[in-house]
Amino acid sequence: MDLGECTKIHDLALRADYEIASKERDLFFELDAVDHLESFIADCDRRTELAKKRLAETQEEISAEVAAKAEKVHELNEEIGKLLAKAEQLGAEGNVDEAQKVLQEVEKVRTRKKDAEEEYRNSMPASSFQQQKLRVCEVCSAYLGLHDNDRRLADHFGGKLHLGFIQIREKLDQLKKTVVDKQEKRNQERLKRREEREKEERLKKRTRSRSREHKRSRSRDRRRRRSRSTSRDKRRSRSRSRERRRRHRSRSRSRSRGHRHSHEQSSRHKSSRDRERSSRDRSRERERDRRDGVNGRSDSRRADDRDMGDL
């Protein structure tokens, strides 16, 4: 194909460096190669479909049985061409014995081709049989004739265009498989990393939950301790208040008793003093009465004496 010179750098040293570097890490140049080769294959397939449409428009229509027989002849021609190209390649490499074996296989296929052509010739008129029946090569989109000789078939199937498209298609399949494998590997690594992250997150959540539970338990313990301490303080305060009330009551009782006792003593003392005073008053009154009686008697005596003296 007239594509001109390639703009890429074709250097074996760079290829070796790339192969070494691709073992350590993925550079993903395979994706670029897949896109580049797919463009060639897409163009070839497009030209193949256009050629088939043209043949369908220009050639006479034949029955399905005749078309099947013609297709069989084309397949045998393709097999002969491939074997001849292989034999030439082996002969160029120096493998003469292998080339002779391939040529023997070519003779066998030629015999089968003659039988297939005979069947095809008998299935249609002689006028239409003489017309060149073309078909399109599915590999390189080139035209192939039903009555092409071996040299023409060998030139086609051993040509650079046909072999180049075979190599491109094989390389494309290989690259696609490599890309799929790498994508699966990357997906597995992503899944593994995701699982590891999820595992770490679960561990973090567990540790957080444990820390929260620990904090909650600590807070509960603190609350319990506080409640216990407050209850103890309350009990102590209650007991202290009870003790204080008891002491106050006992003191009040003792004070009341002492007050009563002192009051009783004071009342007793007062009563005794009153008694003493009353007895003293009585004795004084008695003394006074006695004195008054004596004085009265003396006064009366004096008066009597006076009266007597006067008399």
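Predicted model: local features only at pLDDT ≥ 70, side-chain atom pairs only at ≥ 80, totals over all residues.

1. A salt bridge is a side-chain nitrogen of Lys or Arg within 4 Å of a carboxyl oxygen of Asp or Glu. Side chains of opposite charge can pair when their charged atoms come close. A search of the whole structure gives seven salt bridges.

2. Residues are numbered from 1 along each chain as its sequence is written, and side-chain values use heavy atoms, with hydrogens and water left out.

3. Arg 47 forms a salt bridge with Asp 43, their closest N and O atoms being 3.6 Å apart. Both residues lie in helix 2, four residues apart, about one turn of the helix; helices (H or I, at least four residues) are DSSP runs, numbered from the N terminus. Arg 47 has 27% relative accessibility and so counts as partly exposed (buried means under 20% relative accessible area, exposed over 50%, partly exposed in between, with a 1.4 Å probe and protein chains only). Asp 43, at 25%, is also partly exposed.

4. A salt bridge also joins the side chains of Arg 169 and Asp 45, at 3.1 Å from N to O. This pair links distant parts of the chain, since Arg 169 is in helix 7 and Asp 45 in helix 2, 124 residues apart.

5. Glu 107 and Arg 110 form a salt bridge whose closest N and O atoms are 2.8 Å apart. The two are three residues apart in helix 4 (residues 96–122), so about one helical turn separates them. Glu 107 is partly exposed, at 44% relative accessibility, and Arg 110 is partly exposed at 25%.

6. The largest pocket holds about 1800 Å³ of space. On a 1 Å grid over the protein atoms alone, a pocket is an open set of points where a 1.4 Å probe fits, with protein on both sides within 12 Å along at least five of seven lines; lining residues have an atom within 4 Å of a point. The volume is the space filled by probe spheres set on the points, which are joined across faces, edges and corners.

7. Which helix supplies the largest share of the lining of the largest pocket? Helix 7 does, with eleven residues. The lining comprises 34 residues, and Lys 8, His 10, Arg 15, Ala 33 and His 36 lie nearest the centre of the pocket.
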